[in-house]
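Open the model in your viewer and keep the sequence panel beside it. The stops below go from the whole chain to single residues.

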Amino acid sequence: MTEFFSLNIKEVLEKLNSNENGLTDSEAFERRKKFGLNKLQEKKGITKLEILFNQFKSLIIWVLIAASLISFFIGETIDALVILILVIVNSAIGFIQEYNADKSIHALKKLMNLKSVIKRNGKIIEVNSENLVPGDIILLEEGIKVPADIRLIEVISLEAMEASLTGESQPVKKQTETLTEKIHLAERNNMVFSGTIITKGKGKGIIVSTGMKTEIGKIADLIQEQGEEPTLLQKKLAVLGKWIAIATIIICIIIFFSIVLISGTSIENISQAFMVSVSLAVAAIPEGLPAIVTISLALGIQRMVKKKSLIRRLPAVETLGSVDVICTDKTGTLTKNEMTVREMYFSGKKISIKEKEFTAEGKKELDLSLLLNAGVLCNNSVLNEKEKIGDPTELSLLTVAVKAGIQKEKLEMHYQRINEIPFSSERKLMTTIHSYKGKKISFTKGGIDVILDLCTKIFENGKIRTITFSDKQKILNANQEMAEKAMRVLGFAFKEERTEKEEQMIFLGLMGMNDPPRKEVKLSLELCRQAGIKVIMITGDHLLTAKAVAKELGLGINALIGKELNEISDEELKEKIEGIDIFARVNPSHKMRIISALKSNNHLVAMTGDGVNDAPALKKADIGISMGIKGTDISKESSDMVLMNDNFSSIVEAVKEGRGIYDNIKKFVNYLLSCNLGEVLLIFSAIIIWRDSPEMIIPLIPIQLLWLNIVTDGLPALALGLDPTEKNIMKRPPRNSAEQIINKKMFLTVIFVGITIAIGSLYLFAIHLPDLMLAQTVAFTSLVVFEIFRLQAIRSNFNIGIFSNKWLIGAVITSIALQLAVIYTPLNVFFKTVPLGLDSWMQIIGVSIVLFILSIGFNKIIKDK
């Protein structure tokens, strides 16, 4: 591939078979046939139907559908309809939440200009940008969005803002000289790139790449290559669904053959055995689990919106809680993306600036007005309440003056500009001449070396004197100190003379500016460290700038630059990456390699960013986090989460919320499975114990089982999803991404609790026989009460108070009220229950307390291991 930045202008024109008068119409037509329109090609996106089908990929959903069909065929129509409704509700919620077609490429298209001014047939004309072709000669001016990749031919003070593409926080000054090969994208200053913005000056260039061949087109390709990988939660729920399906089949087989062995092999007995085993298998399935998980995630999204974090993919909420590495862009994420004057040197003193405070060495009060006036008057930018227009460096000079109470409009009423000597790259100076009290006064700003050479005097402590060699050394030392902090340093001078020549000036001082860190980020990074999350800075900016920001924020400074990345293999990067804190001067493909290396080391990676250059990595990361205010459309559409306030600290809140949601998922999985296992063991045990009875004695009938699973289990389980987070949740290390929802401790707990629930309810059932309906009502009600006690036993593992969740209290009260309704109202005919007396209630509560104590004790034994 031709690197046009490394060719001189004549070679570029020859290579593209063009000239400075532009192409002819016929040449442009032929090239358009060859290269296509100047637009990004779109690959087929996901359809609404595919989004809907994605809701049915979980194995547990298909187990529920099978259970619904079998229930229907064995005559349990209500069971079948209820299960089917749950499946539909779950799928509808998932569809609504994820119904966001992939708009990444559409967002990139918005970065293309609608119209461009070019030379065709030797004439200047305006054309649609999509009709541009390689070889076209294009004219550039301040304010336009660049429509293609262009090699510059002529420039007049031309600057371009390329932060969204390269991460460079300042406008890049452009020139036309030939550059060496293998130079970083951000350093190709004889080129301008599609999607970037001309912030200053004018220019002319030749289009070298259009459409998908541009740098932005390459990013589009990278994005399209990234498929939608399942999230961590989706993978874990798939494993859980598989085990539930296997357990259900095993239960069916064991119960079927047990009944056949006990009752005989007649057709009637085999038919009864099949119906009972299927009913129990349906009872074993936590029908409400998929819907509860989905609703819990959706409620988590609503809570996060209130905290200024917008989640675009439903399961991504939980994945945040597992993140152990955050790869963050520097510009606009850790920093404000706003040039700010941080330090000054005036009257031999260094002055630091924080907010509206100007602090000089020795706490000495200094009158800074003359230096600040110079920054305001030698300035072509505009800053007021209504608008903010111009060069970021000049805007920073206006902003620091406003902090000191100096307004440009008011100052210019006294200092009327009468002439200007514009900045040029040769002089490295800008001078403005003003009329002040009947005299001429000039203010000059520029590179410190040039300024010092032109100064014969210095303004110090309100007086003017001859500048000495010692003065110059102190000034250069101050300049060096600021430069080491990655500040851009400008020198200022003035003179009161009739001549407008830039000579024999009076030195005023220095101002150092950079893009400062956001003030809240330092605390957020500390919270990340406490939570066991490593933060890595990835930027297209210079290494010196990146290190300066890292030092200020307390990040490590072990670094690799893009050039070094090119020289090492993926395996070497995989080994080195654990010790790296900063990656500087990187391009989009580097970011992809970094993410891949981290993921191959089993890290769960979040990537933050706001620019076009971040989009592929946002897509590849486990969690892509974009900025809502300053982020480009493409970065937002490529991400899983959008920070609505661009606040890095919102990430910490989101991680906290993600950890809390995962805890709550584990709580209701534990709750549902232990309760369901207790129901299955209860019925299976009763079949074995009373096998010699003339009629099959079963403690629960199908409608009671369904009521337990959907209503009295489902409501509290859903309310568990609203439990507050554990107080010290952000002091826990990130959990192992390989850990399944049901780990060893939960598995043992579910088995133990399932057995104790079965024993307790079986005991209560047995002591109320031979009145079968009374015994069934007691067993039915005891399971409801046991499960309410079970809720707090589970929550105690997370140090959560009984009354900390008002929704759970409401769910428990509702469950009790509904259970009383099916016992004491005419509904008891439908549910085949009878009213219970006080003695039965006392027995149920007594056994519940014993089971609660046993559960708490077992939790402590398991926790201590």
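Helices (H or I, at least four residues) and strands (E, at least two) are DSSP runs, numbered from the N terminus. This is a predicted model, in which local features need pLDDT of at least 70 and side-chain atom pairs count only at pLDDT 80 or more, while totals for chains, interfaces and linings use all residues. Residues are numbered from 1 along each chain as its sequence is written, and side-chain values use heavy atoms, with hydrogens and water left out.

**Whole chain.** Select everything. The chain contains 33 helices and 27 strands. Of its 865 residues, 54% count as buried (under 20% relative accessible area; exposed is over 50% and partly exposed in between, with a 1.4 Å probe and protein chains only). Among contacts (heavy atoms within 4.5 Å) with a separation of 6 or more, 71% are between residues 24 or more positions apart.

**Second largest pocket.** A pocket is an open set of points on a 1 Å grid over the protein atoms alone, where a 1.4 Å probe fits, with protein on both sides within 12 Å along at least five of seven lines; lining residues have an atom within 4 Å of a point. The volume here is about 1000 Å³, taken as the space filled by probe spheres set on the points, which are joined across faces, edges and corners. Select Gln170, Pro171, Lys173, Thr393 and Arg488, the closest to the pocket centre of the 37 lining residues. Then colour β5 (172-173), α15 (392-403), β17 (439-446), α17 (448-454), β20 (488-495) and α20 (543-553), each of which supplies at least two residues of the lining. Which of these gives the most? It is β20, with three residues.

**Helix α20.** Stay on α20 and show its buried residues: Thr545, Ala546, Ala548, Val549, Ala550 and Leu553. They pack against α13 (330-334), α19 (521-530), β22 (534-538) and β24. After the helix comes Gly554, with a positive phi near 85°.

**Arg585.** Go to the loop between β24 (582-584) and α23 (588-600), where Arg585 is placed. Arg585 is not a glycine, yet its phi is positive, about 55°. Its side chain meets that of Glu187 in a salt bridge at 3.3 Å, N to O (a side-chain nitrogen of Lys or Arg within 4 Å of a carboxyl oxygen of Asp or Glu). Glu187 lies in the loop between β5 and β6 (191-192), so the pair ties together parts that are 398 residues apart in sequence.

Select Lys667 and Asp723, whose side chains meet at 3.0 Å, N to O. Lys667 is in helix α26 (residues 649-689) and Asp723 in the loop between α28 (714-720) and α29, so this pair ties together parts 56 residues apart in sequence. Both Lys667 and Asp723 are buried. Next, pick Lys218 and Glu215, which form a salt bridge at 3.2 Å, N to O. Both lie in helix α8 (residues 215-225), three residues apart, about one turn of the helix.

**Last stops.** Find the peptide bond between Leu769 and Pro770: it is cis, with omega about 15°. Pro770 sits in the loop between α29 and α30 (772-795). Finish at Asn17, in the loop between α1 (9-15) and α2 (25-35). Asn17 has a positive phi near 50° and is exposed, with a relative accessible area of 56%.
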